[in-house]
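User: I would like to learn how to read the features of a single-chain model. Please take the general idea of each feature before the case.

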Amino acid sequence: MGSRNYDYSTTAIGLGADSKWTTRSQRFILEINGGLGRNINPEDFQKDFMFRAGLSIGFRF
């Protein structure tokens, strides 16, 4: 079994969206976000897509 090289960096261009909800008192916050992008370099990864997603839960004092 060969070794794998994890030493690389890449750049992607894409789109993202999010939505945020608050309670009436604005003390609790829920935010959901996501995005999809396509690699633009290096050449070995240009056909790959990247996905990101997140969930944030917050409380204001």
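Analyst: This is a predicted model, in which local features need pLDDT of at least 70, side-chain atom pairs count only at pLDDT 80 or more, and totals for chains, interfaces and linings use all residues. Residues are numbered from 1 along each chain as its sequence is written, and side-chain values use heavy atoms, with hydrogens and water left out.

User: How many helices and strands are in the chain?

Analyst: Helices (H or I, at least four residues) and strands (E, at least two) are DSSP runs, numbered from the N terminus. Here the count is zero helices and three strands, and the pattern along the sequence reads β-β-β. The strands are β1 (11–22), β2 (28–41) and β3 (49–59).

User: How does the radius of gyration of the chain stand against that of a compact globule?

Analyst: The radius of gyration is taken over C-alpha atoms, and the globule rule is 2.2 Å times the number of residues to the power 0.38. For 61 residues a compact globule would come near 10 Å, whereas this chain has 18 Å. Along the principal axes, the C-alpha atoms fill a box of roughly 55 × 25 × 15 Å.

User: What percentage of the residues count as buried?

Analyst: Buried means under 20% relative accessible area, exposed means over 50%, and partly exposed is in between, with a 1.4 Å probe and protein chains only. Of the 61 residues, 11% count as buried. Accessible areas come from the Shrake-Rupley method with a 1.4 Å probe, and for residues only the protein chains shown count as cover. The accessible surface of the chain is about 5,800 Å², with 54% of this belonging to carbon and sulfur atoms.

User: How is a pair of aromatic rings described?

Analyst: The description uses the distance of the centres and the angle of the planes. Rings of Phe, Tyr and Trp (its six-membered ring) pair if their centres lie within 6.5 Å; planes under 30 degrees apart count as stacked, over 60 as edge-to-face and the rest as tilted. The structure holds two such pairs. Phe 28 and Phe 59 make a tilted pair, 5.0 Å centre to centre with 55° between the planes. Phe 28 is in strand β2 and Phe 59 in strand β3, so this pair ties together parts that are 31 residues apart in sequence. Phe 59 and Phe 61 make an edge-to-face pair at 5.4 Å centre to centre, with 90° between the planes. Phe 28, Phe 59 and Phe 61 form one aromatic cluster.

User: Which residues does Leu 36 touch?

Analyst: Contact means heavy atoms within 4.5 Å. Leaving out residues up to four places away in sequence, Leu 36 touches Gly 14, Leu 15, Phe 49, Met 50 and Phe 51. Leu 36 lies in strand β2 and is partly exposed, at 48% relative accessibility. Leu 15 is found in strand β1 and is exposed, with a relative accessible area of 73%. With the sequence neighbours within four places set aside, Leu 15 is in contact with Gly 34, Gly 35 and Leu 36. Gly 14 lies in strand β1, and with residues up to four places away left out, Gly 14 touches Leu 36 and Gly 37. Gly 14 and Arg 38 are 24 residues apart along the chain, with 6.2 Å between their C-alpha atoms.

User: What is the phi of Gln 26?

Analyst: Gln 26 has a positive phi of about 60°, although it is not a glycine. Gln 26 sits in the loop between β1 and β2.
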